[in-house]
Amino acid sequence: MKTADGRSRRGAVPVSLAWMLFLLLAVVQDWYVDVNAPGCSTGTGTQMDPFCNIQDAVDAAADGDTVHIAPGTYFENVVIEKNLNLIGTEGQQVTIVDGNATGRVVEIVDSEVAIRGFTLRNGYALAGAGIRVSGTGPEDGLTLRNSTVTGNVVDDAYSRGGGIAAYLCTLTLVGTTVSFNLAGDYYYPEGGGGIFAWRTVLSLGDSVVRDNAAPFGGGICSVWGTAELLNSVVVENTTDFRGSAIWARRGHVTLTNSTVARNTCPFSGALYLVNFSDPLYTTADVRNSVLWENTGAEIESAPQPGAGILVQYSLVEGGWPGNLGTDPLFVNAPSGDFRLLSGSPCIDAGNNTFLPRRISTDIRGLPRFVDDPATPDTGISDFMPLMHLPSGNRPTRPVVDMGAYEFQ
Ligand SMILES: [Ca+2]
Ligand SMILES: [Ca+2]
Ligand SMILES: [Ca+2]
């Protein structure tokens with residue numbers, strides 16, 4: 001460290017390190033919850049003396065703290081109004097928060113929360129039965145990792161977000177499954193069986209939205225926001241009207257290396273954009289993606305068909321100009337296996353430049369850029385990252401496949 005006149009101040013370094021360490025220790029605290037721990041009803045939240053209930057730890061915690069939750073089933077309706085990290089220490093299979101069909105499983109208000117390693121199930125509420133997250137802007141919100149939101153029910157005239165409802169915030173799902181959630185009534189023309197997002201920055205990476213149901217947007221409903229899906233799967237969702245997979249009104253939808261299949265509805269449009277009279281009111285980019293075996297048209301915008309939609313290096317059932325339209329050859333779609341069979345037209349047919357450079361794996365965590373020697377490369381390659389060579393001398397990367405799964 002140097003002073004303003006350029007002289008070195010060696011002594012200042014250890015002092016400031018010690019001060020930072022002090023701040024860290026003083027400010028950030030860990031809390032522990034274990035519903036199966038003897039004596040937890042009088043617990044103090046330490047590792048040796050945990051609380052029984054997640055809510056007790058949330059109430060005791062301060063901004064920036066981390067709550068560690070041991071395996072077990074927690075029948076709770078948790079409300080979080082501070083910036084916290086919640087970790088299911090042994091993961092989603094054994095760490096279950098059950099809303100007991102009497103209320104929402106988790107509610108997050110005006111905070112920045114990270115949740116990892118849970119199953120959140122059996123919630124019942126007017127909107128966002130699994131999770132409701134609301135904020136005052138994109139700085140608020142939820143990052144949900146390695147979790148499952150399942151079996152939650154919204155049954156109300158507004159019927160928004162069976163699994164998750166997000167309002168005016170950022171909602172990020174990583175390695176997470178949203179399944180078997182229901183937004184039941186259809187009085188109001190919105191929905192989102194899996195996820196409803198309003199004025200929200202929604203992004204899904206390596207995630208699955210399946211077997212949800214709603215009047216509109218069986219999987220996802222995005223209104224006045226952005227929805228970005230990467231390495232993700234939206235399958236087997238159903239609607240009463242349109243937008244069996246994704247329904248969007250006002251804003252932008254991006255599908256990159258995602259698979260949208262076997263979503264059903266009485267009418268048409270797995271990806272459905274409402275455009276009124278303005279073709280740019282709602283827009284979509286579909287890149288390196290596969291849309292197959294959804295009811296009716298795979299992609300629809302209304303009232304002007306095709307308005308605001310850009311499809312590139314993708315496969316769309318029924319065809320889309322400049323893209324593929326033949327059978328993607330899934331391994332076994334009826335049983336939920338949407339990997340590609342040898343000989344699939346999706347292999348080595350994507351465009352590497354559509355993926356952010358940080359992405360190196362597919363939805364299963366397997367290498368994303370793999371060459372199948374048996375398949376001629378019809379997609380677009382790019383240069384190897386982190387190679388300190390002039391671009392002309394750098395090796396190129398194998399070509400990415402279409403869809404969420406790379407053929408290995
Ligand atoms: Ca179709
Ligand atoms: Ca490939
Ligand atoms: Ca090849």
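## Overall architecture

Helices, of at least four residues, and strands, of at least two, are taken here as DSSP runs numbered from the N terminus. On that basis, the protein in this predicted model has two helices and 35 strands. Its radius of gyration is 23 Å, close to the 22 Å given by the globule rule for 408 residues, so the protein is as compact as a globular protein of that length.

Along the principal axes, the C-alpha atoms fill a box of roughly 60 × 60 × 40 Å. Of the 408 residues, 51% are buried. Among contacts with a separation of 6 or more, 69% are between residues 24 or more positions apart.

## The parallel sheet

An open sheet is formed by 10 strands with parallel pairing, in the order S3-S6-S9-S13-S17-S21-S24-S27-S30-S33. Strand S3 (72-75) and strand S33 (315-316) are its edges, each pairing on one side only.

Within this order, strand S21 (residues 208-210) pairs with strand S24 (residues 233-235) in the parallel sense over three bridges. Val208 has Val233 in S24 as its bridge partner.

## Nonpolar cores

The largest nonpolar core comprises 106 residues, of which Ile54, Val67, Val97, Ala166, Leu171, Ile246 and Leu271 touch the most other members. Strand S23 (residues 220-230) gives the most to this core, contributing six residues. Domain 1 (31-84) and domain 2 (99-339) each supply at least three residues to this core.

Leaving aside residues up to four places away in sequence, Val97 touches Ile54, Tyr74, Glu76, Val78, Val105, Val106, Phe118 and Leu120. Another core, of five residues, lies apart from the largest one; Leu355, Phe369, Val399 and Val400 are among its members.

Notes: Residues numbered from 1 in each chain as written. Chains lettered and ligands numbered in written order. Predicted model: local features only at pLDDT ≥ 70, side-chain atom pairs only at ≥ 80, totals over all residues. Core = buried A, V, L, I, M, F, W, Y, C linked by C-beta atoms within 7 Å. Buried ≥ 20, exposed ≤ 12 C-beta atoms within 10 Å, placed from the backbone. Domains from an automatic or database assignment. Contact = placed C-beta atoms within 7 Å. Pairing = 2+ DSSP bridges. Rg over C-alpha atoms; globule rule 2.2 N^0.38 Å.
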